[in-house]
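Please look through the sequence and the structure shown below before reading on.

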Amino acid sequence: MIAVVAGATRGTGRGIAVALGAAGATVYCTGRSTRQRRSEMNRPETIEETAELVTAAGGTGIAVQVDHLDPAQVEALAERVEREQGRLDVLVNDVWGGDHLWEWETPVWKQDMEKGFRLLRLAIDTHIVTGRHLLPLMIRNEGGLVVEVTDGTWAFNETRYRGNVYYDLAKVSVNRLGFAWANELRPYGGTGVAVTPGFLRSEAMLDNFGVTEDNWREAKADKAWQVSETPAYVGRGVAAIATDPERQRWSGRSVTSEELAEAYGLTDVDGSRPRVWSFITEALEPGKDLDPADYR
């Protein structure tokens, strides 16, 4: 399996890259943050670290610095994959990098418009640029898979405003891209799907709450945090789709990590099966005093 995980530096992208590595894949781990230079996110994680984790998991990790807003850089990535591998089987679009560009529950007239447009470019344009240059390599063989990583399924986001116009548009758009790729790949036997993790214990989120993976339960957060998940959980779900001969059943859909875990019998690294989206809709939103432990 030859895969490109665009936005593999940290979080969901890293989790997916490592899970694909555990399935034996060669994974091109792309992003802007390297050991020599950080992106505007100014986080310590690097694509080299991700590539090393992929290799340690049993695959072959290849770190490639790419700004996915730059068509020339993405075109060069496609040429490299073609030259070195001759094909592409899996593309994961996880480029984001917008955490520092928006504020929760802030109306548009109080937002910095330039930051908002930057967020949209990072969240949407990058995915389209990546598809434009890598999909021609994928469709040479039948059975390719494109995974769009978002926050909230289409059904969840359709009836809920995500607290900020730029963020809301970004996540709805990425869901729609999963549907778009499904339609464009269908004549070539390919699959396009949008996948959302739950409340993610990413490196940045753990830092935000002042905890580590070892003591994450001590964070002062709402009850949904008690149903949070590691990046490995959604990673295992994506790897399961990638290795599923019947993966076209997911094409055009927008699904959660918990749905994939249920379908494939997967668990998180601690053996649990977090169901945070179910907890949100069944407990938090209706205001019911349900035990988060029942959703793990």
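Which residue caps the N-terminal end of helix 4? In this predicted model, the cap is Asp-112, which has a side-chain oxygen 3.0 Å from the backbone nitrogen of Glu-114.

We can now turn to pairs of helices. Two packed helices are described by the angle between their axes and by the distance between those axes. Helix 1, made of residues 11-22, packs against helix 8 at an angle of about 50°, and the two axes are 7 Å apart. An angle between 35 and 65 degrees counts as oblique, so helix 1 is oblique to helix 8. On the side of helix 1 the contact is made by Gly-11, Thr-12, Gly-15, Ile-16, Ala-19 and Leu-20, while helix 8 contributes residues including Pro-231, Val-234, Val-238 and Ala-242. The crossing of these two helices, helix 1 and helix 8, is right-handed.

Helix 1 also packs with helix 2, which covers residues 47-57, and here the angle is about 30°, with the axes 7 Å apart. Since angles under 35 degrees count as roughly parallel, helix 1 is roughly parallel to helix 2. Arg-14, Ala-17, Val-18, Gly-21 and Ala-22 of helix 1 meet Glu-49, Thr-50, Leu-53, Val-54 and Ala-57 of helix 2, and this crossing of helix 1 and helix 2 is right-handed. In an α-helix there are 3.6 residues a turn, so residues three or four places apart point the same way.

Helix 8, residues 231-242, packs in turn with helix 9, residues 257-264, at an angle of about 55° and with the axes 9 Å apart. Helix 8 and helix 9 are therefore oblique to each other, and their crossing is left-handed. Among the residues that meet here are Tyr-233, Gly-237 and Ile-241 in helix 8, and Leu-260, Ala-261 and Tyr-264 in helix 9.

Methods: Residues are numbered from 1 along each chain as its sequence is written. This is a predicted model: local features need pLDDT of at least 70, side-chain atom pairs count only at pLDDT 80 or more; totals for chains, interfaces and linings use all residues. Side-chain values use heavy atoms; hydrogens and water are left out. A polar contact is a pair of N or O atoms within 3.5 Å; within protein, one must be able to donate a hydrogen and the other to accept it, and residues adjacent in sequence count only if both atoms are side-chain atoms. Helices (H or I, at least four residues) and strands (E, at least two) are DSSP runs, numbered from the N terminus. Axes are lines fitted to C-alpha atoms, for helices over the stretch in contact, and angles run from 0 to 180 degrees between N-to-C directions. Angles under 35 degrees count as roughly parallel, over 145 as roughly antiparallel, 65 to 115 as roughly perpendicular and the rest as oblique. A crossing is left-handed if the near helix is turned anticlockwise from the far one by less than a right angle, and right-handed if clockwise. Contact means heavy atoms within 4.5 Å.
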